[in-house]
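Please look over the sequence and the model shown below before reading on.

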Amino acid sequence: MGKRIGLEVSLSAAEAVKMANVDCIAAYPITPQTHIVEHLSELVNNGELDAEFIPVESEHSAMSVSAGVSAVGARAFTCTSSQGLALMNEIVHIVASMRLPIVMILANRSMSGPISIWNDHTDVMSIRDCGWIQVFANNGQEVFDNVLFAYRVAESQKVMLPLIVNIDGFILTHVIEPVEFWEKEQVERYLPDFKPVYTMHPDRPVTMGGVGMPYVFSEAKVAQDEPLIQSKTEIITAWKELGDIVGRYYKPIETYRIEDAETLFVTQGSFGETVSLVVDALRDEGESVGLVMDRLWRPFPFDEFREATSQAKNLIVIDRAISYGGQGGPLAIDIRSALYKGENQPNITNFICGLAGRDVTINDFKNIYHKAMEKVKENPREEDFEYYGVRGK
Amino acid sequence: MTKTRQDLAWQELEIGATLITPGNSEEYKSGDWRSIRPVVDNKKCIKCGTCYIFCPDAAIYETEEGFFEANLYYCKGCGICATECPTQAIEMVEEEE
Amino acid sequence: MEIVEPTNVYAYKLITKKEYFAPGHRACQGCAEALAVRLVAKALGRNVIVASATGCMEIISSPMPYTSWRVPWIHVAFENAAAVASGAEAGMKVLMRKGRVPKKKITFLAMAGDGGTSDIGVQALSGALERGHDFIYICYDNEAYMNTGIQRSSSTPYGASTTTSPAGKVIPGQMTWKKNMPEIAAAHTIPYVATACPSYPIDLVEKVKKAARLKGPAYVHILSVCPTGWRLPPELAIKAGRLAVETGVFPLYEVEHGRYRFTGKIEKLRPVKEYLKIQGRFRHLSEEMIDTIQKRVVEEYEKLEKKVEMTEGD
């Protein structure tokens, strides 16, 4: 068993990146990601991590540099938040199409404007369709474990796709949590060396990034989506093996007290831990409620989600992001689509809350629960969504 | 022969749409573009290599005797070789239909 | 180093016969930029990794499933050639240091057009130069966004007519002066900066080889005549490049560790009119504008001469 210490989650993340023996770190500072890259540069400059720390001049270059690193067969790491993610947007799409297994930690933060340094999921939702594998980590230990998982899955021969680990900015990045480090030999057992299919090297010249002529573009896109869809198998295997090594098992959909629950909360990110306490409190009051936490966002785990919600009459979907002019938050929209014409058709209520890191307390979630119950009583097929806790007349 | 257009199935694309046959553009007949072609008068040719070095398409090659000829598979008929030849040994001639 | 006159050209046969940039590419007839790429490929040989920006040379050389590249080549996006090359260089450095790849000299090349360098690519270029990566950056300057249809860039010269700076009744073409990218690169105090033109192939090859030899960032700015965009007959592509140099519009020089040196000094500059009049993009110029251009060209040339003197480059 590795040493267990209380450490700021950002620093744990950096330590995990170090244990993963990355080759290059290319990052540009942005709140609230800064502590991660600061610690990494310390590790490099103190000789504790043998890697190149490349202080790029913008996030766009952070992802571009990472593309170059990955293309020559080296292990690349980068890290950013909202505005930085938006700036590197075009490259995010491109590296997925080029199947470069870059790992990025996204310290979730509001997309401007107004400018906000605090946490919500509007940034990760802006790249929902970019082709990366996307997972959520909900506490310090999960961040540590999932960085190693990230390289293991991203670089797997059957996958070879870039991967994002989402961690809530400030709410996770800047808090101290107990984390159990891995032993070196555990990492060696779990994470093999990076062996790309093709690399940039004069001994075997290849051309990467050719022009997608119309007669071949669609084929290239299917060739990109299929591995993402199929990657779920490898993801589940990798999480199982992780559990076999360190005793912590992760699943695409985590559930809490869903047995004979009439109503289920659905959350992503650090909300899950808070809502699990709410579930306990409500059950003590006699409510029939449980919790489904979505850990794997892309590829979306349809089977697991449908199974977890198969007995529920009502879903309360908590979104920390907005789809302006759309039918609610992005999570709710995806979920409605996932359940459409399925065997079980629960009532789906959707609450958008916690934007810009606004606190959503246990009482707030209890209010949300009662509001949801009112809604389904009045209008069972209510498809409306609500911005929770917004002051207005 | 590189598979193209009607033939290439999505499963046949290399990972990341990487192209793994270096220089396979040489299968493409850019010579179809031209309407005039260079004709060299070897009596005037001093074998200097000017035409060869200035061809953007690497379509001029050195023969065994050291003279230079246009590779009509690639030659686009731009006329640079004829213009640059120091002894005016090259003439651009209309392609017949 | 003297300009090679066309009549002493047997030296052309000393350049490698190997073609690392394969024929069958889709460049226009008479494209001097494609010629420059071909020459650079000969200068660098097979131990090179190329990161290219979006642009003419990228499009014509990599229409799936064909590629003209016989060396490793990667294209990611428009403005990040320097960043991708930085990553490749750093990644390879680590791989060799950790023993995962056998140590050997590999040259890292970033290539982009004038748009991808002096406009959208300036940031990535500046960052890469400042960080000191051991790579070469080559700007193939055809003085406009040719690939997308001849739109002006900050490299378009004063007076030129392009599709977004057309010679109109009120505004007669491009009204600002060409951005001086070699000077911007030199201001980063990198070991080597040079200008070159494929009309002087040996000079170009020697400069690129020197850039590869010197450790640290190098910047080479290559004037690439574009018959399509400059509106001149394709057979005059080489002659136009020669006139650009001989009139002083595009002087050939090097800056090695801050010391300026002409490579082939023109003792008596030809009048710029000889260069301008063969190009359709300058056809509309008034006598006054030609005069303005002539004065400015001489002014810039004299500034360069002073720099050579000041830095004792000669």
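This is a predicted model: local features need pLDDT of at least 70, side-chain atom pairs count only at pLDDT 80 or more; totals for chains, interfaces and linings use all residues.

Helix α1 (residues 9-19) of chain A and helix α7 (residues 140-154) of chain A pack with their axes 8 Å apart, at an angle of about 20°. Angles under 35 degrees count as roughly parallel, and α1(A) and α7(A) are therefore roughly parallel to each other. Their crossing is right-handed. On the side of α1(A), the residues that take part are A:Val9, A:Ser12, A:Ala13, A:Ala16, A:Val17 and A:Met19, and they meet A:Gly140, A:Val143, A:Phe144, A:Val147 and A:Leu148 in α7(A). The residues of this contact divide into nine nonpolar, two polar and no charged.

A second pair of helices in chain A meets at another angle. Helix α10 (residues 271-284) of chain A packs against helix α13 (residues 362-378) of chain A at about 65°, and the two axes lie 9 Å apart; this crossing is right-handed. From α10(A) come A:Thr274, A:Val275, A:Leu277, A:Val278, A:Ala281 and A:Leu282, which meet A:Ile362, A:Phe365, A:Lys366 and A:Tyr369 in α13(A). Sorted by class, the contact of α10(A) with α13(A) has eight nonpolar, one polar and one charged residues.

A further helix, α12 (residues 330-339) of chain A, can be followed through its buried residues, which are A:Pro330, A:Leu331, A:Ala332, A:Ile333 and A:Ile335. What covers the buried residues of α12(A) includes α6 (122-125), β11 (263-267), β14 (314-319), β15 (347-352) and β16 (385-387) of chain A. After α12(A) comes A:Lys341, whose phi is positive, near 60°.

From the helices we can turn to a sheet. Strands of a sheet pair through backbone hydrogen bonds, either parallel or antiparallel. In chain A, seven strands form an open sheet with mixed pairing, and their order is β3-β2-β4-β5-β7-β6-β13. Because β3 and β13 (296-298) of chain A stand at the edges and each has a single partner strand, one side of each is left without a neighbour in the sheet. From one strand to the next, the twist averages 20°. At one end of the order, β2(A) and β3(A) pair in the parallel sense over four bridges, and there A:Cys24 stands opposite A:Glu52 in β3(A).

How do the chains touch one another? In chain A, 38 residues are in contact with 40 residues of chain C. The elements that give two or more residues to this side of chain A are β2 (24-27), β3 (52-55), α3 (59-71), α5 (89-97) and β9 (207-208), and the largest share, nine residues, comes from α3(A). By class, the side of chain A that touches chain C has 21 nonpolar, twelve polar and five charged residues. Strand pairing also links these chains, for β9(A) and strand β2 (residues 73-75) of chain C pair in the parallel sense over two bridges, and A:Met208 stands opposite C:Ile74 in β2(C). As for chain B, twelve of its residues are in contact with 17 residues of chain A, and the side of chain B that touches chain A has nine nonpolar, two polar and one charged residues.

Finally, some details of the backbone deserve a careful look. Most residues other than glycine have a negative phi, and most peptide bonds are trans. A cis peptide bond, with omega about 0°, joins A:Thr31 and A:Pro32, and A:Pro32 is found in the loop between β2 and α2 (34-45) of chain A. Another cis peptide bond, again with omega about 0°, joins A:Arg298 and A:Pro299, where A:Pro299 lies in the loop between β13 and α11 (302-308) of chain A. A positive phi, near 50°, is found at A:Arg257, in the loop between β10 (253-256) and β11 of chain A. With 16 other C-beta atoms within 10 Å, A:Arg257 is partly exposed. In chain B, phi of B:Ala17 is positive too, near 55°, and B:Ala17 has its place in the segment before β1 (36-40) of chain B. B:Ala17 is buried, with 24 other C-beta atoms within 10 Å.

Definitions and conventions: Residues are numbered from 1 along each chain as its sequence is written. Chains are lettered from A and ligands numbered from 1 in the order in which they are written. Axes are lines fitted to C-alpha atoms, for helices over the stretch in contact, and angles run from 0 to 180 degrees between N-to-C directions. Angles under 35 degrees count as roughly parallel, over 145 as roughly antiparallel, 65 to 115 as roughly perpendicular and the rest as oblique. A crossing is left-handed if the near helix is turned anticlockwise from the far one by less than a right angle, and right-handed if clockwise. Two residues are in contact if their C-beta atoms, placed from the backbone, lie within 7 Å. Ala, Val, Leu, Ile, Met, Phe, Trp, Tyr, Cys and Pro count as nonpolar, Asp, Glu, Lys and Arg as charged, and the others, Gly among them, as polar. Two strands pair if DSSP finds at least two bridges between them. A residue is buried if 20 or more other C-beta atoms lie within 10 Å of its own, exposed if 12 or fewer, and partly exposed in between; C-beta atoms are placed from the backbone.
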